[in-house]
Amino acid sequence: MIRVRPQQTKGLAPLLFLFPYLALTAVFFVYPFINAVILTFYRTNGPRSRIFIGLDNFRFLLNDQTFHTALWNTTIFAIASVCLQLPLSMALALLLNRGDDRVKGFFRLVLFSPNLVGQIFVGILFSVLFTPRYGLINRTIQALIGWGLEERWLSNPKLVMPAIILTSLWLWVGFNMVYFLAALQSVDKTLEEAARIDGANSWQVFWHVTLPSMRHVVVFVVIMSIIGSYQLFELPVALLSSTSGFGPDNSGLTVITYLRSVAFQSGDLGLGSAVGWVVAVIIFTISVIQVRITNVVED
Amino acid sequence: MIACLRLQVGSPPRQSKMIDKFPYGKAPFWLFVMAIVSSVLLVALNRSASERPDLILVTFTAAHYDAYRHAIPRFEREHHVKVDIELTHWGSLQSRLQNAILANTDVPDLVEMLEGSLGFFTRGPTVDVGLIDLTEKIRAEGIDKRVVASRFSLWTTQGRNYGIPHDVHPIMLAYRRDLIEQLGIDVRELDTWDKFVEVGRRVSKDKDGDGVIDQYMIDLPYSGNWALIALMLQRGGQLFDAKGNVAFDSEETAQVFDWYLHQTRSKDKIATDCGWAQPQMKAMADGLALFFITPDWRSKAYETDMPHLAGKMALMPMPAWTKGGRRTSVWGGTGLVITKRTKHPELAWELAKFLYFDKQELGQRYKRTNIIPPFKEAWNLPEFSEPNPFYSNQRIGLMYAELAPQTPPTYSAAVDGTARANLDQAYSRVAEYYKAQGDTGLMDKIRFELKKSADHVRELAERDQVFHRQESP
């Protein structure tokens, strides 16, 4: 029996029930969003004093070597995420896709589990693993190739970014693998079978059948990885805690660490907002390009 | 039983009828109920919350927290007041306190701050400074004459004093006495860094022939960091001058950079980086390094973390840069400030004096922390001359206290953190140069990088001046 309710779309009641959501969105999203735009035109001392300076914050960023370093480091990390992390995740997903379900479940859990503990924990853990002379990584390298016992991963500017990338691989490879594995399991097996009957080898099947079939997931993971990379913060801060996440010669500095430094340590919320907008524009541009390229390929 | 359940199922309770009658469906009904219940709970919990104590003190070190917890009941009894003490992490305390001050929300009455942070709280326009100016009180009560003079510099800006110092933190070198004696080294002869390096080159060696050096003279961080600053201060360099101007691009700092590079990165280096906490403890226990830069607070950490080295350790004054020169430096510092929003400024001042200058408390606190208070009268207390079994029965309280008046002053500025980071970056760039080019043109490169970093910090400091310029008539 269909029960007819009174006229519930009219009157104040719907607005009343929507009010908490609208109020929270207005306070925690709309207001900060608008305020972040306004703040970029001010020099501030925390939340109290501000002086209008026009576009000076953007001019400062354009000339600030530290910001350029942060942007460069973050871009390097983003490239490494896409070029190293995702192929590795895909490879693991392909390997697991072949195993039986029990093995698949076990390894899926094992590879995903680093993600359960969070970036701060992983950062602290790896800062111990990278310890010169006594750290597990240095000892293992020394045992394998007779070199590296005293290598200072977190004090040598040239090794800091590789150390961050290595740590992030351990953290994120399993996470992205789960996406790819789910996508692989939804690929139409008859298409792959047909390609094989037509004489395609494993690589050709993957490249021409499997990968195009899961392209939407791949695009999603690539975009999310790039966005995540540009938001990198906790991991270097925990890994390079002795230098507040900056690393020697700013070698571990990311744009969000820079943002934190100028906005909350130097109290310049205006400059912090400007950094935030620059990052937002970069992420938006990359995402648009990514989607456009994918659409062109599809066409 | 089953019949009973059936009966219950068959006749729905009154509440479900009420839900059905609610005109907008079940989900809105429960949302409505949750809103009512949470509102009632909010009001009830707010009413039952205890009243604010007369004073709230926040600290960021567990050792201070424990010491104050023991001391405060006496203050409460004597003044018939209630004082709460809270422990929090410094990183979060600094930014949240400043934002709370600037946003005019509730803040603690008294706060312990870390060295270098005063500039953070006194930046921007004068009206934004949320700390009480204690200059007149300190002078009127003669406290400035009873405390180690150099320690007030940390809590002074533009000639105004906003805090009182908790400690002196003079530095000595802790060493493995047992190993040093086996090596036949007389530490009394190590009175200059030149002699120290000379001995260091002899004892830093690969003992088991595996190609890896396994005994170094001293533990120094590879990236410079705190040790570079401590050595710079000992040599007469400064991050900032007394007026808060950036001052680390000095010849003293350049000389320290040069020395530090050679001792940590050259072929005949005498130092290794033992790291922090557990790795350092392991290195100390293994004898990987023989000497360790040890301010008073760190000497207690060794005692606590490595009881198995009791009797094998000892302390000596730092070697001087020149014969007869300063035998100590300083690392760290805590001070107590009173916020402007306190309703009881006089009571807060009394508590500050009680915690920092009450002799009855200071003796016991020294025993718990090994920290030398800047209040000179306390050094005559019997606790300071007790032999310390961990350090081979040396009277380390007296040793540190004797060095305390020699500690160099350290000044604060709004860009303190930035200056430290840029000093490290300059060192890092110089180290890369040294690795590639060796000594050729090294001093010029050091001076160039120091100036470049200092100018960058000056540029950032200048941004803060925009508020002061607007204040000026």
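How many residues of chain A are in contact with chain B, and how many of chain B with chain A? The views below, taken from a predicted model, begin with this contact.

**View 1. The contact between chain A and chain B.** In this predicted model, 29 residues of chain A are in contact with 33 residues of chain B. On the chain A side, two or more residues come from each of α1 (13–39), β1 (42–45), β2 (49–52) and α13 (255–265) of chain A. By class, this side of chain A comprises 12 nonpolar, 11 polar and six charged residues.

**View 2. Helix α13 of chain A.** Because nine of the 11 residues of α13(A) are buried, the helix is largely enclosed by the rest of the structure. The buried residues of α13(A) are A:Val255, A:Ile256, A:Thr257, A:Tyr258, A:Leu259, A:Ser261, A:Val262, A:Ala263 and A:Gln265. After α13(A) comes A:Gly267, which has a positive phi, near 75°.

**View 3. The domains of chain B.** The domain assignment divides chain B into domain 1 (2–48), domain 2 (55–169 + 332–406) and domain 3 (171–330 + 413–467). Taken over C-alpha atoms, the centres of domain 2 and domain 3 of chain B are separated by 28 Å.

**View 4. The contact between domain 2 and domain 3 of chain B.** Here, 23 residues of domain 2 of chain B are in contact with 25 residues of domain 3 of chain B. On the domain 2 side, α6 (118–121) and α17 (396–403) of chain B each supply at least two residues, and α17(B) gives the most, with four residues. The class composition of this side of domain 2 is 11 nonpolar, 11 polar and one charged residues.

Notes. Residues are numbered from 1 along each chain as its sequence is written. Chains are lettered from A and ligands numbered from 1 in the order in which they are written. This is a predicted model: local features need pLDDT of at least 70, side-chain atom pairs count only at pLDDT 80 or more; totals for chains, interfaces and linings use all residues. Two residues are in contact if their C-beta atoms, placed from the backbone, lie within 7 Å. Ala, Val, Leu, Ile, Met, Phe, Trp, Tyr, Cys and Pro count as nonpolar, Asp, Glu, Lys and Arg as charged, and the others, Gly among them, as polar. Domain bounds come from an automatic or database domain assignment. A residue is buried if 20 or more other C-beta atoms lie within 10 Å of its own, exposed if 12 or fewer, and partly exposed in between; C-beta atoms are placed from the backbone.
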